[in-house]
Amino acid sequence: MAKSKNQLYSVGDYVVYPKHGVGRITEMEKQEVAGMTLELYVIRFEKERMTLRVPINKAEASGMRRLSSDATLQEAFTTLKGRARIKRTMWSRRAQEYEAKINSGDLVSIAEVVRDLHRGDDQPEQSYSERQIYESALGRLARELAAVEEIDEAAAMVKLESELAA
């Protein structure tokens with residue numbers, strides 16, 4: 001399928017979909033839905049073993065974006081090194097805010113969650129739900145870092161852990 005004027009992405013491009021993180025466009029296809037022909041991006045998310053089809057004309061509105069720029073990546077690293085800002089509200093409310101930040105797909109917001117929930121060796125253990133949210137945010141950050149720097153996820157995780165330890 002030839003690239004039409006309203007297509008922002010090509011087959012093989014890595015993209016970030018807000019609720020699912022980093023995926024790769026594997027193909028573009030046309031589908032007949034309710035008598036209308038739709039052009040779709042087919043996005044594969046390896047980590048979740050999931051395929052998503054996004055209408056080309058709705059990609060931008062859905063919040064789908066290219067991988068972060070180096071400047072955004074640096075801003076995320078600066079955020080990681082900042083002081084944790086933990087509101088004194090109930091955990092359930094904070095958990096909702098953290099989930100919203102992760103699902104926004106915004107790299108700096110995800111870095112804020114990692115920073116706020118990171119526990120050093122000298123700090124008390126996290127609760128199960130805190131750990132789940134922390135690992136979800138850390139995984140998102142690592143997958144995007146890996147895709148941007150063309151390294152594997154394990155290497156990205158090592159880089160992030162050393163930044164957090166610094």
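Mentor: Let us begin with burial: a residue is buried when its relative accessible area is under 20%, exposed when over 50%, and partly exposed in between, using a 1.4 Å probe and protein chains only. The model is predicted, so local features need pLDDT of at least 70 and side-chain atom pairs count only at pLDDT 80 or more, while totals for chains, interfaces and linings use all residues. Residues are numbered from 1 along each chain as its sequence is written, and side-chain values use heavy atoms, with hydrogens and water left out.

Trainee: What makes K81 exposed?

Mentor: K81, which is found in helix 1 (residues 70-81), has 53% relative accessibility and therefore counts as exposed.

Trainee: How do you know that a polar contact joins the side chains of K81 and E163?

Mentor: A polar contact is a pair of N or O atoms within 3.5 Å; within protein, one must be able to donate a hydrogen and the other to accept it, and residues adjacent in sequence count only if both atoms are side-chain atoms. The contact between K81 and E163 is 3.0 Å, and it is therefore within the 3.5 Å limit.

Trainee: What makes a set of residues a nonpolar core?

Mentor: Its members are buried Ala, Val, Leu, Ile, Met, Phe, Trp, Tyr and Cys residues joined through side-chain atoms within 4.5 Å. The largest such core has 24 residues, and those with the most contacts inside it include L80, V113 and L141. Helix 4 (128-149) is among the elements that give it two or more residues, and helix 4 gives the most, with eight.

Trainee: Which residues make the contact between helix 1 and helix 4?

Mentor: D70, L73, F77 and L80 of helix 1 meet L141, L145, V148 and E149 of helix 4.

Conventions
Helix = DSSP H or I, 4+ residues; strand = E, 2+ residues; numbered from the N terminus. Contact = heavy atoms within 4.5 Å.
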